[in-house]
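Trainee: Could you take me slowly through one part of this structure and show me how its charged side chains are placed? I would like a careful, connected account.

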Amino acid sequence: EFKLLKTPDREPRAIPSDVFEKILAAVSKLDDRIAKQKSKWNGQGGADCSPDKKPCADWWVAFLSVAYLAGLRWEEILNLKWSHLRFTAKPEIGVWNQKAGRYETVPMSSTLFARLKAWMGLCANVADNAVVFAHACHVRSVNQEWKQLQALAKIADAYRFHDLRVSFCTNLVAAGVQAPVLMKLARHRSIATTMQFYRGKT
C-alpha cells in the first residue's frame, strides 16, 4: 500500500504553510461528510467499507501534523504507540527508523505537542502499547481520504502524502538549519539525500 504514497513520475513538492492550514481547515468538514455517508450506506462492499471505520476529523488533524511538523513517514505514524510519545519538558517522539535500522527521537514543536495532547484527550485507549492513530479501515481508504481532504480544501493539483515529509525538510532548510542537523532530524540514511534539499543554495 505504501507505494501509493510516492509516485516516481512526480517531483517532490513542499506544501506551503498556508496551504497546509487550509487542508486542516477542510478537515472540519470531514465529520459532516462521513455522517452523510452513514445515512446513505447500504452495506455495499461489506463491513470494511463502512463509513464508521473512517478516521474522524480530530484524528486527521493530529495525524497530518505529525507528518508535517515532525517529518515522520506514513508507516512510522501508523505504527506509533503512546509509549513512543514523551510529553516532558523537552517533548519528543521515539521512532524506529526501519531504513537505518536504529531507534531515534524527533523533537515536538509546541504546536505538535498541543495537537497530540488534544488527540490523547479524545482517545478511549491511551495505554502504553496502544496505537496512537488507530483506525479500522484499509490503508488504501486512508490514502483516499487524504485526497478527498485536498478536494474539500479546493486544491486542484493534489499533493502526495510524502510531500508532508518533504515540507518538513524544506521548512527547516528555509529556517537556516544546517545539513548535518537536518540529516539527524529527518533521519536520512545518507547525507546525499539530505543535500537534495539544498539544491541552488550557497
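Mentor: What follows looks at one arginine, and then at the salt bridges of the model. This is a predicted model, in which local features need pLDDT of at least 70 and side-chain atom pairs count only at pLDDT 80 or more, while totals for chains, interfaces and linings use all residues. Residues are numbered from 1 along each chain as its sequence is written, and side-chain values use heavy atoms, with hydrogens and water left out.

Arg-165 lies in helix α7, which covers residues 162–174; helices here are DSSP runs of H or I with at least four residues, numbered from the N terminus. Arg-165 is buried, a word that stands for under 20% relative accessible area, whereas exposed means over 50% and partly exposed lies in between (1.4 Å probe, protein chains only). The side chain of Arg-165 does, however, reach the backbone oxygen of Ala-186 at 2.6 Å. If neighbours within four places in sequence are left aside, the residues in contact with Arg-165 (heavy atoms within 4.5 Å) include Arg-73, Ala-186 and Arg-187.

Glu-76 itself forms a salt bridge with Arg-187, and their closest N and O atoms are 2.9 Å apart. This pair links distant parts of the chain, since Arg-187 sits in the loop between α8 (179–186) and α9 (191–195) and Glu-76 in helix α4 (residues 74–78), 111 residues apart. Arg-187 counts as buried at 1% relative accessibility, and Glu-76 is also buried, with a relative accessible area of 9%. Salt bridges that share partners join Arg-73, Glu-76 and Arg-187 into one network.

By this rule the count comes to six salt bridges. One of them joins the side chains of Arg-13 and Asp-157, at 3.3 Å from N to O. Arg-13 lies in the segment before α1 (17–27) and Asp-157 in the loop between α6 (139–152) and α7, so the pair ties together parts that are 144 residues apart in sequence. Arg-13 is partly exposed, with a relative accessible area of 23%, and Asp-157 is partly exposed as well, at 44%. Asp-163 and Arg-160 also meet in a salt bridge through their side chains, at 3.1 Å from N to O, and both of these residues are buried.

Terms used:
Helix = DSSP H or I, 4+ residues; strand = E, 2+ residues; numbered from the N terminus. Lys, Arg positive; Asp, Glu negative; His and termini not counted. Salt bridge = Lys/Arg side-chain N within 4 Å of Asp/Glu carboxyl O. Polar contact = N/O pair within 3.5 Å; in protein donor to acceptor, adjacent residues only side chain to side chain.
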